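Trainee: Could you show me how to read helix packing and strand pairing in a model like this one?
Mentor: Gladly, let's take the two topics in turn.

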Number of protein chains: 2
Amino acid sequence: MFFLLRSKKEYVMLTIQKVRGTRDFYPEDLAFRKWLFSVWRKVSERFGYEEYDGPFLEPYELFAAKSGQELVNEQMYQLTDRGERKLGIRPEMTPTLARMVAAKRNELLNPIRWYSIPICWRYEKPQKGRVREFAQYNVDVLGVDSPRADAEIIAIGVTILKELGFTKDDVYVRVNNRFVMEQTLASFGIQKEKISQVFAAIDKKERLQKEEFEKWLSDIGLTSAQRVPLQEFLERKSYPENSQFPALFDALESFGVSEYVEFDPVIVRGIDYYTGTVFEAFDRKKQFRSIFAGGRYDDLVEVFGGGKLPGVGFGMGEVVVEEILRAYEKVPPLVPTVTQVLVTVFSESFRTQSQNICNILRANGINAEITLTEEKIDKQLKYANKKQIPFVVLVGPDEVVSQKVTLKEMKTGNQQTKSVQESIQIIRSYVRT
Amino acid sequence: MFFLLRSKKEYVMLTIQKVRGTRDFYPEDLAFRKWLFSVWRKVSERFGYEEYDGPFLEPYELFAAKSGQELVNEQMYQLTDRGERKLGIRPEMTPTLARMVAAKRNELLNPIRWYSIPICWRYEKPQKGRVREFAQYNVDVLGVDSPRADAEIIAIGVTILKELGFTKDDVYVRVNNRFVMEQTLASFGIQKEKISQVFAAIDKKERLQKEEFEKWLSDIGLTSAQRVPLQEFLERKSYPENSQFPALFDALESFGVSEYVEFDPVIVRGIDYYTGTVFEAFDRKKQFRSIFAGGRYDDLVEVFGGGKLPGVGFGMGEVVVEEILRAYEKVPPLVPTVTQVLVTVFSESFRTQSQNICNILRANGINAEITLTEEKIDKQLKYANKKQIPFVVLVGPDEVVSQKVTLKEMKTGNQQTKSVQESIQIIRSYVRT
């Protein structure tokens with residue numbers, strides 16, 4: 001990553017590397033991202049969700065008020081602008097969503113079905129599954145306080161996983177409910193003020209030995225009479241019937257995604273603002289971090305002068321998805337080349353003819369490149385081959401006389417002499433295999 | 001923009017507005033941006049250009065080395081991260097392009113035809129045509145030192161303008177050449193060390209009175225014998241023949257865009273790194289700032305250990321384009337709604353039937369919403385109407401018996417009883433008018 005810059009006729013050698021935890025997206029890298037984004041968009045729109053976006057920088061206070069302590073104090077990039085404003089680079093999208101919805105609460109149609117694909121920044125240690133700059137798909141429905149909305153959101157998540165090529169044997173969504181958990185802990189005599197500490201312990205349970213977890217609970221002050229039924233509850237495979245769970249699972253069934261969803265009392269999510277359903281998607285083998293995670297947040301946004309605005313949604317980062325896709329070999333072959341045909345130039349005296357044909361191809365919606373410099377035909381064909389351009393057009397003396405072109409399919413090597421209109425039809429109907 | 005946040009069961013009222021110079025993109029706003037981006041992408045790919053992207057934050061030094069003083073010292077957002085790295089938020093894309101190309105110089109196929117649509121930040125006074133956060137389309141071809149490459153890049157710009165709906169009577173591209181200008185100034189006896197000062201004066205000429213410009217030249221130290229031929233030259237309508245201009249205009253002609261392009265000796269561009277062709281596109285009435293601007297920069301990137309890497313490209317910001325499109329009433333009607341059909345729920349006892357039909361529609365690639373809460377049919381129709389959803393599906397007692405659905409086209413009010421498969425065909429073939 002050395003390069004030279006000429007500044008005022010003097011050469012200055014510079015070694016400048018990209019910032020740690022960031023990625024350069026060369027066309028072959030961006031091809032993956034474009035494919036993933038297109039799946040996110042397609043599924044969102046299949047469910048009638050509309051795309052929105054917000055600023056990359058927000059007032060520091062917006063995040064300080066809403067996001068968790070760790071996110072704001074340890075991970076968020078902060079700066080002061082030239083007007084002395086304290087700003088944060090968004091580490092997540094939900095605060096912006098809340099701000100935007102609150103600002104137009106009375107104009108927006110209910111329900112609000114929205115998605116976004118923001119680029120976010122977090123100062124975390126770069127490692128497997130973690131970078132500092134990443135795209136995070138967000139999808140939310142606001143204005144509906146019903147388990148059917150939770151099911152619709154989960155169905156979107158599952159549909160994305162299916163669209164990416166995962167089966168129910170590869171991945172699943174683990175579902176729980178914060179309200180049910182609070183009631184359950186209370187029924188064991190666990191005091192209200194201990195609940196968030198207990199949630200924090202449950203959230204880490206899977207990474208702990210049984211004794212470590214037991215000790216943590218006991219350190220919080222849970223008696224043996226409280227710990228025993230709690231431990232039993234956390235082993236449950238079936239949800240409590242006296243709850244919203246039956247309605248949620250009925251709705252999941254009607255959306256056709258229940259095979260992908262399991263009740264799991266260990267899922268409580270680390271974030272304070274969730275009030276009801278919470279969920280996280282994982283690969284079944286649990287080799288990776290969660291693929292997406294979210295929940296219901298009925299108290300998060302309360303509009304000034306308005307009523308409650310219930311909401312449910314999730315976030316899905318690009319990095320873990322990519323890791324799992326690659327590990328499971330689910331990434332389709334992606335070619336960054338958009339060019340459908342290279343129009344070669346036989347020699348400079350034939351350039352005008354080649355350029356005219358190139359113009360006609362483009363006017364007919366064909367993505368066409370033309371060779372700009374004087375090159376031997378062999379070298380032009382080699383370029384097309386390396387770039388995986390499927391067709392090449394040749395215009396030489398014979399073609400000019402016959403008013404046709406030679407169309408060569410690079411993969412097979414087949415050559416046909418055709419009119420430009422016939423060539424357009426052939427190029428259009430070509431499907432890369 | 002007031003809203004309430006419940007934090008640990010206490011209400012805190014917050015007034016948080018978006019940062020000055022930023023914009024929220026509600027779905028109806030994003031619809032415009034998505035349309036503009038789609039035109040940028042379509043035209044770029046029509047010419048065989050591939051999309052790339054880079055990080056939003058780069059080392060401060062990258063911009064300090066390459067970007068102009070004003071951009072870095074007055075406009076760039078800077079920060080220091082938790083690892084004490086001095087970073088800049090990208091005010092432009094070219095330094096990142098140069099860094100990326102230099103890092104993979106030997107692997108990349110020649111020519112490099114790339115485009116990108118980065119979001120950039122500049123601390124400028126927000127005003128007409130200026131915001132602090134904006135998308136800027138960038139297109140470049142590297143590795144070709146020929147006026148044909150310049151013509152191809154200009155042709156891409158013109159094709160975008162045409163695709164946006166502008167005619168040759170609305171807009172045009174003014175072209176000049178820095179090398180020719182340097183030769184010309186030298187031929188008038190103007191010393192080499194004065195040339196960049198003279199360029200700075202010419203760059204501002206159109207905003208000055210004739211006397212002011214004359215005085216500026218004379219303040220630089222130009223004699224009357226130098227000023228007179230310079231003033232004459234700056235009035236020229238035809239390009240000097242003894243230059244690259246004839247080849248450039250021949251190439252522009254062959255690309256079919258020469259009607260949009262004019263020689264204009266006043267265009268010199270304020271940026272130091274341009275070495276040859278320079279150009280700026282404007283509305284003919286010159287009521288707006290430039291639509292796009294760029295040029296040839298053959299000395300900008302010199303790879304360590306490699307040779308020269310000639311390049312030519314331009315940038316087009318979204319804000320001026322949007323202003324002119326709106327002033328000229330060229331923005332097509334854009335509906336943010338992606339939903340093609342709303343599946344209504346006649347009553348809760350019919351929900352399962354409605355949900356099944358909704359699932360079938362989605363599985364067949366139709367964007368379908370379903371009503372999640374219990375609502376009167378009238379209210380559901382009103383929602384579809386307000387949201388401009390073109391179709392509504394009704395499933396009541398009669399439809400369940402007949403195994404059909406009632407499909408209502410909202411614009412005409414026409415209702416037909418059809419099978420689900422027939423409905424899919426009708427919805428698919430619908431074109432919004």
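Trainee: How are helix 5 of chain B and helix 10 of chain B oriented to each other?

Mentor: Two packed helices are described by the angle between their axes and the distance between the axes. In this predicted model, helix 5 (residues 147-163) and helix 10 (residues 245-254) of chain B pack at about 45°, and their axes are 8 Å apart. Helix 5 of chain B and helix 10 of chain B are therefore oblique to each other. Their crossing is right-handed.

Trainee: Which residues make the contact?

Mentor: Helix 5 of chain B contributes Pro147(B), Arg148(B), Asp150(B), Ala151(B) and Ile154(B), while helix 10 of chain B brings Ala247(B), Leu248(B), Ala251(B) and Leu252(B). Sorted by class, the contact of these two helices has seven nonpolar residues, two charged ones and no polar ones.

Trainee: Thanks! Now the strands: in which order do they lie in the open sheet of chain B?

Mentor: Strands of a sheet pair through backbone hydrogen bonds, either parallel or antiparallel. Here, three strands of chain B form an open sheet in the order 4-6-5, with antiparallel pairing. Strand 4 (57-59) and strand 5 (78-80) of chain B are the edge strands, each pairing on one side only. On average, neighbouring strands of this sheet are turned by 40° against each other, direction ignored.

Trainee: How many bridges join strand 5 to strand 6 of chain B?

Mentor: Three bridges join strand 5 of chain B to strand 6 (residues 86-89) of chain B, and the two run antiparallel. To find your place there, look for Leu79(B), which stands opposite Leu87(B) in strand 6 of chain B.

Technical notes
Residues are numbered from 1 along each chain as its sequence is written. Chains are lettered from A and ligands numbered from 1 in the order in which they are written. This is a predicted model: local features need pLDDT of at least 70, side-chain atom pairs count only at pLDDT 80 or more; totals for chains, interfaces and linings use all residues. Two strands pair if DSSP finds at least two bridges between them. Helices (H or I, at least four residues) and strands (E, at least two) are DSSP runs, numbered from the N terminus. Axes are lines fitted to C-alpha atoms, for helices over the stretch in contact, and angles run from 0 to 180 degrees between N-to-C directions. Angles under 35 degrees count as roughly parallel, over 145 as roughly antiparallel, 65 to 115 as roughly perpendicular and the rest as oblique. A crossing is left-handed if the near helix is turned anticlockwise from the far one by less than a right angle, and right-handed if clockwise. Two residues are in contact if their C-beta atoms, placed from the backbone, lie within 7 Å. Ala, Val, Leu, Ile, Met, Phe, Trp, Tyr, Cys and Pro count as nonpolar, Asp, Glu, Lys and Arg as charged, and the others, Gly among them, as polar.
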